[in-house]
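Subject: Structure for your review

Hello,

Here is the structure you were expecting. Please open it next to this message; the findings follow below it.

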Amino acid sequence: MHLHENISKGEFPGPEHPIEVNNFVMRVPETGYRWIKKARVRPPFSSGLSGPPYMIISSLQASEVPAREYLPLRDEPNLFARFRDLPLDPAALMKFANQYGWIGETGRLRLVKNQWIRAVSLHTWRLEIQTLILADHLWKCICSDDRRTLRKYFRWHESEFDVRMAVGMRERDICAEDLSNTEPSVPSWLHWLINPREVQALQAVGWNRGDVLGPARIAIIKLTTPRLSALCHPHLYLDHKDRFVGHLSPDNLLGCIWLQFYMMVIGQLKLRVCTLCKMEMDVSASRSTRKMHDRCSRSVRQQRWRNKKRQASQGQACSPSA
Ligand SMILES: [Zn+2]
């Protein structure tokens with residue numbers, strides 16, 4: 001048990017934000033990251049890594065590398081959207097990593113004798129982006145009641161109360177999988193979605209054969225929940241008044257990204273596009289009329305003030321002297 005270092009006055013979780021999530025600190029090494037193609041892999045150190053290339057921290061003495069710090073969940077509330085929109089090539093992923101940090105290591109490999117260094121493979125980066133593209137697309141289809149699109153991905157069993165998801169990704173494109181196709185897309189998701197024990201409960205909440213909105217919700221749960229379980233953990237802390245405070249803590253940047261997506265789905269994270277800089281801003285705790293970031297609003301006010309001052313001094317210069 002320890003004191004929560006980052007919670008200051010005014011940041012306490014209220015009824016709208018029952019779980020404080022905003023204090024995860026990401027350290028981005030000043031030396032950056034790099035891709036390597038050859039390294040020695042050996043279980044159990046490397047069992048979480050797929051094949052090369054691997055991303056590693058550029059300096060081998062990773063613990064001593066100077067790093068820039070930021071709070072992704074507070075400073076970049078739309079990071080999951082930036083991640084989702086990334087091209088899948090190594091150069092684009094490296095650019096993202098050097099700006100926001102890598103998604104976290106999934107194993108270790110050996111470059112020099114007796115030194116196992118942290119690494120993550122290109123395959124993991126691509127799979128996480130593709131999974132997020134799919135989850136976000138299903139979410140948007142649900143929000144816009146786009147059943148026509150969803151019908152392409154979900155097929156009901158001819159007689160049983162079960163529905164199958166049949167979706168694949170070809171690079172960044174989502175495609176409905178033809179189950180008779182002997183060469184499905186990679187990656188692909190071809191799962192039956194309904195647990196027989198849940199049939200009655202689902203029928204009780206209004207599920208009918210042929211429905212696709214419900215199955216799309218289950219698909220989002222199946223894509224998101226295992227990642228939250230693996231990467232985000234609840235912690236108990238004491239606040240500065242010695243009261244308990246709960247904190248959902250991601251293990252790494254990938255945890256932050258999936259946590260943002262989760263918060264958006266359950267309605268705790270509300271994003272709106274800033275009218276000045278056109279980037280998304282977090283309006284979860286803001287008034288409904290808020291149009292721009294605080295920093296953008298400040299710069300508009302300063303600009304107005306400067307204009308006014310200039311006009312006043314020009315007016316003075318032009319006025320005839322007495
Ligand atoms: Zn802005």
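This is a predicted model: local features need pLDDT of at least 70, side-chain atom pairs count only at pLDDT 80 or more; totals for chains, interfaces and linings use all residues.

The phi of E171 is near 55°, a positive value in a residue other than glycine. E171 counts as exposed because it has 11 C-beta neighbours inside 10 Å. D242 is another non-glycine residue with a positive phi, near 70°. D242 lies in the loop between β12 (232–238) and β13 (244–250), and with 7 other C-beta atoms within 10 Å it is exposed. As background, most residues other than glycine have a negative phi, and most peptide bonds are trans.

Two cis peptide bonds are worth a look. One joins P43 and P44, with omega at about 0°; P44 is placed in the loop between β2 and β3. Another runs from V186 to P187, with omega near -5°, and P187 is in the loop between β10 and β11.

The chain as a whole

The chain has 9 helices and 15 strands. Its C-alpha trace spans about 95 × 60 × 45 Å along the principal axes. Of the 322 residues in the chain, 25% are buried. Among contacts between residues at least 6 apart in sequence, 64% join residues at least 24 apart.

In general, strands of a sheet pair through backbone hydrogen bonds, either parallel or antiparallel.

Strand β3 and its partners

In strand β3 (residues 54–57), Y54 and I56 point one way while M55 and I57 point the other way, and all are buried. Strand β2 (residues 33–36) pairs with β3 in the antiparallel sense over 4 bridges. β3 is also joined to strand β6 (residues 115–121) by 2 bridges, again antiparallel. M55 takes part in both pairings: W35 stands opposite M55, and the bridge partner of M55 in β6 is V120.

Helix α7 and its two neighbours

Which helices does α7 pack against? One is α4: the axes of helix α4 (residues 122–143) and helix α7 (residues 213–231) come within 10 Å and cross at roughly 150°. Angles over 145 degrees count as roughly antiparallel, and α4 and α7 are therefore roughly antiparallel to each other. Their crossing is left-handed. On the α4 side the contact is made by T131, L134, A135, L138, W139, C141 and I142, and on the α7 side by L213, A216, R217, A219, I220, L223 and T224. By class, this contact has 11 nonpolar, 2 polar and 1 charged residues.

The other is helix α8 (residues 253–265), which packs with α7 at an angle of about 135°, the axes being 10 Å apart. That angle makes α7 oblique to α8. This crossing is left-handed too. α7 contributes I220, T224, R227, L228 and L231, and α8 contributes L254, G255, W258, F261, Y262 and V265. By class, the contact of α7 with α8 has 8 nonpolar, 2 polar and 1 charged residues.

R68

Is R68 buried or exposed? R68, found in strand β4 (residues 67–70), counts as exposed because it has 11 C-beta neighbours inside 10 Å. Leaving aside its neighbours within four places in sequence, R68 is in contact with V28 and E30. R68 and R126 are 58 residues apart in sequence, and their C-alpha atoms are 25 Å apart in space.

Regards

Note on methods
Residues are numbered from 1 along each chain as its sequence is written. Axes are lines fitted to C-alpha atoms, for helices over the stretch in contact, and angles run from 0 to 180 degrees between N-to-C directions. Angles under 35 degrees count as roughly parallel, over 145 as roughly antiparallel, 65 to 115 as roughly perpendicular and the rest as oblique. A crossing is left-handed if the near helix is turned anticlockwise from the far one by less than a right angle, and right-handed if clockwise. Two residues are in contact if their C-beta atoms, placed from the backbone, lie within 7 Å. Ala, Val, Leu, Ile, Met, Phe, Trp, Tyr, Cys and Pro count as nonpolar, Asp, Glu, Lys and Arg as charged, and the others, Gly among them, as polar. A residue is buried if 20 or more other C-beta atoms lie within 10 Å of its own, exposed if 12 or fewer, and partly exposed in between; C-beta atoms are placed from the backbone. Two strands pair if DSSP finds at least two bridges between them.
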